[in-house]
Amino acid sequence: DLLLPSSVDNSTIISIYREVSSFVAKRATASSDSMDPLSLVSNVAATSSTKSPLESIVHQHDPKTSRSNTSSNKKKKKKKMEVDEEVKLPVNNFLLIKKVVDDHDTGGLTLVGTFVQTVFGIQEDDNGDDSSDDDDKEKFRFQYRFGDETETDDSVQLRRQEPVTTTRLVRTSATVLDAAAVVHGRRSTFQTKIPLQMETLLQAFPFHILTATADIELSSTFHNGTRYRPDLVVSRSDRRGNMCLQDLKTPNPTTTTTLTIMGSRGGGVSESDILDKIDKTVQYDFVSPYPTVQYEFDIKKQYCPRYTVTFYCIKGGFTKFVAIILPIIPIAVINTINVLNDTVDFGDGPVDTTDHLGISSALILTAVFLLPSIIEPNTRQALMRLDNFYILVIFISLMLSSFPQNLTGTPTVEVIGMVGLWVSFISPIFNCARFVQFLLQTRAEKNAIVAAGAESNPYLKDDDYTPWKPNKEPYDAYFCTVNSIVNDMDTATRAKLGYAKNNELMGKFEIVKYN
């Protein structure tokens with residue numbers, strides 16, 4: 001009745017039968033002992049001096065041995081997954097910005113564009129086989145992270161991949177460089193929709209200025225026992241090789257321009273033309289079409305896998321000025337007339353208290369409907385803010401103005417309320433001055449970068465832009481690593497290439513940005 005695996009052949013069964021028979025004969029004197037079949041087989045196997053077929057079968061199907069084997073196999077697999085070496089690969093991650101649109105699901109913004117990721121220095125077997133039967137297989141590339149979110153099929157869609165063969169500069173002597181070494185790479189093109197992280201920069205009613213940041217990071221990958229880290233490279237001669245705005249097919253001649261790129265730079269295209277191309281949002285207005293580009297160099301690991309592209313946006317502004325500030329002005333005027341009518345004798349006798357309170361009540365009710373629109377939804381609400389102070393001053397002023405002279409016996413209370421309501425306008429006037437200062441400063445910085453660059457416009461893809469050609473120029477003659485900008489270049493050399501190094505960020509990152 002012994003149950004054996006179906007894989008056991010007849011000769012093995014006969015050998016087992018002979019062993020069991022021999023064992024039973026030796027244990028004839030102990031016939032009273034009751035043993036279950038598995039114990040019997042185990043005892044037979046234990047009495048064998050050599051590893052018999054029976055012992056092999058028992059050992060194979062014993063639960064304890066099976067668990068031990070499984071644990072051993074897992075350890076072996078885990079050992080195989082250990083990193084044999086770590087390699088930093090130069091990567092150029094070109095971003096073409098097409099437009100920025102509203103994200104109706106989150107209330108934020110989404111950047112629509114194109115990624116062209118070119119990885120240099122990969123092995124030919126990593127590059128993949130470009131045969132026709134393997135067209136649907138995605139070849140070697142680095143995956144993306146946007147902030148804390150990993151790429152999805154909706155945010156990153158592969159359009160095509162192709163091998164790249166170029167050269168790199170090799171030092172043949174102390175002073176001579178020769179483009180002789182062949183470098184294999186892979187170029188991957190993606191359609192992308194990047195969620196922008198919205199953060200408040202300046203909230204000063206009626207203006208709310210935010211930063212809309214595309215936080216782009218290339219993730220490390222593990223392949224054939226090697227961990228590959230992406231080390232971003234940037235252009236030496238034309239910063240449009242890193243990131244640029246899509247070119248304008250036909251500039252709008254009817255657009256009223258506020259700031260025009262100096263002279264013929266940028267082909268005479270105005271900021272308004274570029275904004276019409278990029279800004280497709282309804283909720284926000286862009287301060288400038290030119291973003292702030294920053295590369296974050298990891299000081300500890302000595303490589304750069306991440307960069308940010310930041311736009312400055314305005315929410316509210318003139319819309320809130322018309323919707324809130326303008327209606328408050330007639331409220332202040334009517335309140336002033338009501339107070340003066342009660343406190344000053346115009347020769348028509350005392351003012352009826354009921355009429356005074358009725359007008360005051362109507363003004364307060366109007367303010368109740370208007371002022372809550374000042375407060376923006378936020379994750380944290382702070383009481384001690386200039387906007388909240390503005391609301392409190394208006395309500396307290398209207399409340400004090402509602403006390404008639406006949407009730408208090410003095411006109412001082414309602415006069416204080418009348419003056420306080422007019423004083424409250426200092427807040428939006430002051431905020432307007434702050435906004436204008438920020439606007440002029442930001443646009444001046446962006447236009448200074450445009451005017452100082454060697455390119456016609458370091459942000460705009462136009463006829464003047466010539467992309468890198470793999471078969472014509474060594475990749476490290478056109479590109480340089482962020483590492484070399486941070487560690488190998490002085491301030492003057494960086495400035496000549498159009499970059500600047502900021503102070504350390506939290507002691508972990510060096511920031512490299514456009515200069």
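Biologist: What percentage of the 515 residues in the chain do buried residues make up?

Modeller: This is a predicted model, and in it buried residues account for 43% of the 515 residues. The accessible surface of the chain comes to about 28,300 Å², and carbon and sulfur atoms contribute 54% of that area.

Biologist: How many helices and strands does the chain have?

Modeller: There are 15 helices and 17 strands. For contacts between residues at least 6 apart in sequence, 71% join residues at least 24 apart.

Biologist: How many disulfides does the structure hold?

Modeller: The general idea comes before the case. A disulfide is a covalent bond between the sulfur atoms of two cysteines. In this model the count is zero. As for individual cysteines, Cys244 counts as buried because its relative accessibility is 0%, under the 20% limit. Cys480 is likewise buried, with a relative accessible area of 3%.

Biologist: Which residue forms a salt bridge with Asp215?

Modeller: The partner of Asp215 is Arg306, at 2.3 Å from N to O. Asp215 belongs to strand S7 (residues 207-218) and Arg306 to strand S14 (residues 303-316), and the two are 91 residues apart. Asp215 is buried at 9% relative accessibility, while Arg306 is partly exposed at 22%.

Biologist: With which side chain does that of Glu296 meet in a salt bridge?

Modeller: The side chain of Glu296 also meets that of Arg306, with an N to O distance of 2.7 Å. Glu296 is in strand S13 (residues 292-298), 10 residues from Arg306 in strand S14. Glu296 counts as buried because its relative accessibility, 7%, is under 20%.

Biologist: Which residues do salt bridges that share partners join into one network?

Modeller: Glu86, Arg227 and Arg229 are joined into one network in this way.

How values were computed. Residues are numbered from 1 along each chain as its sequence is written. This is a predicted model: local features need pLDDT of at least 70, side-chain atom pairs count only at pLDDT 80 or more; totals for chains, interfaces and linings use all residues. Side-chain values use heavy atoms; hydrogens and water are left out. Helices (H or I, at least four residues) and strands (E, at least two) are DSSP runs, numbered from the N terminus. Buried means under 20% relative accessible area, exposed over 50%, partly exposed in between (1.4 Å probe, protein chains only). Contact means heavy atoms within 4.5 Å. Accessible areas come from the Shrake-Rupley method with a 1.4 Å probe; for residues, only the protein chains shown count as cover. A disulfide is a pair of cysteine sulfur atoms within 2.5 Å. A salt bridge is a side-chain nitrogen of Lys or Arg within 4 Å of a carboxyl oxygen of Asp or Glu.
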